[in-house]
Amino acid sequence: MNPVLKLLIEGSSLTTGQMAAVAGLTEAEVQQHLEQLKKDKIFLGWRPVLDLSHEAAAAAAVRAVIEVKITPERGGGFNRFADRIARFDEVESCYLMSGGYDLLVFVKGSSLQKVAGFVSEKLSTIEGVLSTSTHFMLRCYKEQGFLLDAGEAQSVRLNVTP
Amino acid sequence: MRPYRPAPTMNPNQFLARHVAALPKSGIRDFFELVAKMKGQDVISLGVGEPDFVTPWHIREAAIFALERGKTYYTSNLGLIELRRAIATYVEQHFNVGYRPEDQIIVTVGVSEALDLACRAFVNPGEKVMFHQPCYVSYHPSIVLTHGEGIAVPTYAKDNFALTAEALRAAWQPGAKMLMLNLPCNPTGGTCTREQLEKIAKFCIEKDLLVLTDEIYSELTFEGTHTSIASLPGMAERTIFLHGFSKAFAMTGWRIGYACGPAPLIDAMMKVHQYSMLCASIIAQEAALEALQRGWDSVLKMREQYHRRRDLIVRRFNEIGLTCHSPRGSFYAFPNVTASGRTEKDFAVGLLQQQKVAVVPGTAFGENGTGHVRACFATSYEQIIEACDRVERFVNSRK
């Protein structure tokens, strides 16, 4: 497997220089791999993972998960509607699901009103949308692999042991 | 409360047993004190002997569940039968040796206790025990504490620190009773090929040696498959196989290991165990059972990480000019630092004081570690990269 892709899959936060050292490549080779992965649309881009419960990071702190039921259309299934919903800036992620509803949409906004407004004015009025069910997120315990307030005891490892 | 003040005429040392008084403290301890003095100074430690991973959560959670269910009692001296069954299955599948859970396996408080039990159960005062060196700090003291006599067999960088039958034969003395093995080895990462082990096994049969094989790092073998000497023809009946959960499952603080061997030998170890330790902690035993049943994904992930870290650190040491063999197992690199123009002790102390990187002088693991330091790569990529850059600055500062 592409060694750079492997490090990306592991979620490593290494710089390109550090990736080069770990994978035994030059920094230029790592850059090349990254460019190729972008070209192949495997690697889409970098994003920081923030703890949004912190005041300082809470610029768009209201998040909601919305279950959306859709009437699929002949010839296109769910794709055209899903694409239309996914293009809104408020939508962070959008998935087609099995089970009781069709799309699961993760939405972000700076206030409850803004998120509610997006759902009532934009999302639910889209052609084909039968119903929505909105769940506001109250508290985050784990964000994309990072535990919040984990209190892990890693730092108590002694510096020198047999 | 009045502080304790010894009477001026009394010397508390008079109460010490002679063999304990004569036993030197571990060289690791001295170095630990030195590093401890530098607290808060951005020291990168490559001086540890344990994983940087925390025990996988499902294992910790199983221990919590065991506590919630009130599992707070003693277990059988030999350990929980479910755990011994799981150990028997694991050892058979991974090492190709079959042991009966009922009487050929004992669960111990880490491999360290198993080692101590074996020495106390098998060594009569004055009897000789062979061990390869550089080696883990406890081997020789365990022999001395049972009034045995240790015979160090050197391993060499030219052999990638594998033990050879030739070195064994050269060091052998009449009256030698037992041989201790630790492959892959702490601190060298040395291992033996199957062919090398076959020659060692032949020698052990020829000299009628009992073998104590500590294979705690076997799951961290990066190339080829690990072979246990216990699996070779004619060896299971003269071998005590020691293993534990500390390294592969990142469970050092749980203190849980085990010994497998012929029933009469395990029974003798059990006698010492029941009068001293009684049993290993039930919580640790429950956690160990979970580790064997569902922990393999975590082991494989951690091994892959160690593998890449090894490649990184070994490549960097060699680039810097410190000759370093690529250890086939364990998470230790053991570079030769004589090219820096310093002894291993001066190198370790200088590196710590000038560049704030802690490594352990090879002589802490016996005189055959002269000229080497042990650098543990059970730490993050970022730390290894930064530590190696600092080592490079340190080495170049003398040029």
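## Chain B: overall build

The radius of gyration is taken over C-alpha atoms, and the globule rule used here is 2.2 Å times the number of residues to the power 0.38. For the 399 residues of chain B in this predicted model, that rule gives a value near 21 Å for a compact globule, and chain B has 22 Å, which agrees.

The C-alpha trace of chain B spans about 65 × 60 × 55 Å along its principal axes. Its secondary structure comes to 13 helices and 12 strands, and 49% of the residues of chain B count as buried. Looking at contacts in chain B with a separation of 6 or more, you will find that 73% come from residues 24 or more positions apart.

## Two packed helices in chain B

A pair of packed helices can be described by the angle between their axes and the distance between those axes. Here is one example from chain B: α12(B), residues 344-355, packs against α13(B) at an angle of about 110 degrees, with the axes 10 Å apart. Angles of 65 to 115 degrees count as roughly perpendicular, so α12(B) is roughly perpendicular to α13(B).

On the α12(B) side, the contact is made by B:Gly350, B:Leu351, B:Gln354 and B:Gln355. Facing them from α13(B) are B:Arg390, B:Val391, B:Arg393 and B:Phe394. By class, the residues of this contact are three nonpolar, three polar and two charged.

## Chain A: overall build

Chain A has five helices and six strands, arranged along the sequence as α-α-α-β-α-β-β-α-β-β-β. Its radius of gyration is 21 Å, well over the 15 Å that the globule rule gives for 162 residues, so chain A is more spread out than a compact globule. Along the principal axes, the C-alpha atoms of chain A fill a box of roughly 65 × 40 × 30 Å.

The domain assignment of chain A gives domain 1 (3-39) and domain 2 (55-139). Taken over C-alpha atoms, the centres of these two domains of chain A are separated by 34 Å. Buried residues make up 18% of chain A. Among contacts in chain A between residues at least 6 apart in sequence, 54% join residues at least 24 apart.

## Where the chains meet

The contact between the chains takes 25 residues from chain B and 13 residues from chain A. On the side of chain B that touches chain A, α2 (27-36), α11 (296-320) and α13 (381-396) each supply at least two residues. The largest share, five residues, comes from α2(B). That side of chain B has 15 nonpolar, four polar and six charged residues.

How values were computed. Residues numbered from 1 in each chain as written. Chains lettered and ligands numbered in written order. Predicted model: local features only at pLDDT ≥ 70, side-chain atom pairs only at ≥ 80, totals over all residues. Contact = placed C-beta atoms within 7 Å. Helix = DSSP H or I, 4+ residues; strand = E, 2+ residues; numbered from the N terminus. Nonpolar A, V, L, I, M, F, W, Y, C, P; charged D, E, K, R; others polar. Axes fitted to C-alpha atoms, helices over the stretch in contact; angles between N-to-C directions. Parallel < 35°, antiparallel > 145°, perpendicular 65-115°, else oblique. Domains from an automatic or database assignment. Buried ≥ 20, exposed ≤ 12 C-beta atoms within 10 Å, placed from the backbone.
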